[in-house]
Amino acid sequence: MNAKTHLSLNVTNVEKSAAWYEAFFGKPTHKRRPGYANFDLENPGLKLAIQERDNGRGGPLNHLGILVSSTDEVLAAKTRLESAGLITFSEENVDCCYARQDKIWVRDPDGNAWEVYTILDDMLEQPAETCCSTGSACCEPAQTQACCN
């Protein structure tokens, strides 16, 4: 399995934060949209998303995850987690964080959301409104938050 750690952070100013992380990693962003940016790094193996949100709502951590290379790996993780007694929530072929994805979600004992996901289409050429205008779930399990709030 080829996997990367995924972190999603809430920030107060995505442009300021993107510039800071570009300096910190020494790499440009992979994708930028209004109020959103992400980095897809090989070294360290990290997929970092930053989203402009009111940090008074739950602090800087949005969610955590593991990016895998296929839907089969997502399904294998679902089987493994459910057989360990963890409750999962699936999203298939969803537009989230300006990319089409298959994913599962699970929460740790403190309520932190973790996803295991694969990118079906990175949608680099799509207009910025793609995610937020559809009302689909975005970057958090659909049952807890609507797109890009």
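Tutor: Begin with the elements: helices (H or I, at least four residues) and strands (E, at least two) are DSSP runs, numbered from the N terminus. Along the sequence, this chain follows the pattern β-α-β-β-β-β-α-β-β-β. That gives 2 helices and 8 strands. The model is predicted: local features need pLDDT of at least 70, side-chain atom pairs count only at pLDDT 80 or more, and totals for chains, interfaces and linings use all residues. Residues are numbered from 1 along each chain as its sequence is written, and side-chain values use heavy atoms, with hydrogens and water left out.

Student: How are the strands arranged in a sheet?

Tutor: Strands of a sheet pair through backbone hydrogen bonds, either parallel or antiparallel. Two strands count as paired if DSSP finds at least two bridges between them. Here 8 strands form an open sheet with mixed pairing, in the order S2-S3-S4-S1-S5-S8-S7-S6. Strands S2 (31–33) and S6 (89–96) are at the edges with a single partner strand each, so one side of each has no neighbour in the sheet. On average, neighbouring strands of this sheet are turned by 20° against each other, direction ignored. For such angles, axes are lines fitted to C-alpha atoms, for helices over the stretch in contact, and angles run from 0 to 180 degrees between N-to-C directions.

Student: In what sense do S1 and S4 pair?

Tutor: Strand S1 (residues 4–11) and strand S4 (residues 46–52) are parallel, with 7 bridges. His6 has Lys47 in S4 as its bridge partner, and Asn10 has Gln51 in S4. Gln51 also stands opposite Tyr36, for S3 and S4 pair in the antiparallel sense over 6 bridges. A hairpin of 4 residues joins S3 to S4.

Student: How do I tell whether a strand is enclosed or open to the outside?

Tutor: Look at accessibility: buried means under 20% relative accessible area, exposed over 50%, and partly exposed in between (1.4 Å probe, protein chains only). In S4, 6 of the 7 residues are buried, so S4 is largely enclosed by the rest of the structure. For strand S5 (residues 61–67) the count is 5 of the 7 residues, so S5 is largely enclosed as well. Over the 149 residues of the chain, 44% count as buried.

Student: Which strands pair with S5?

Tutor: S1 pairs with S5 in the antiparallel sense over 6 bridges, and the bridge partner of Ser8 in S5 is His63. S5 and S8 run parallel and are joined by 4 bridges; there, Leu67 has Tyr117 of S8 as its bridge partner.

Student: How do I read the sides of a helix?

Tutor: An α-helix has 3.6 residues a turn, so residues three or four places apart point the same way. In helix H1 (residues 14–25), the buried residues are Val14, Ser17, Ala18, Tyr21 and Phe25. They cover an arc of only 100° around the axis, which puts them on the same side of H1; the arc is that of the directions from the helix axis to the C-beta atoms. Lys16, Trp20 and Ala23 are exposed on the other side of H1. What covers the buried residues of H1 includes S1, S2, strand S3 (36–41) and S4.

Student: Where does helix H2 lie?

Tutor: Helix H2 (residues 71–83) lies across S6, strand S7 (99–107) and strand S8 (113–121), and runs at about 10° to S7.

Conventions: Contact = heavy atoms within 4.5 Å. Expected span 1.5 Å × (residues − 1).
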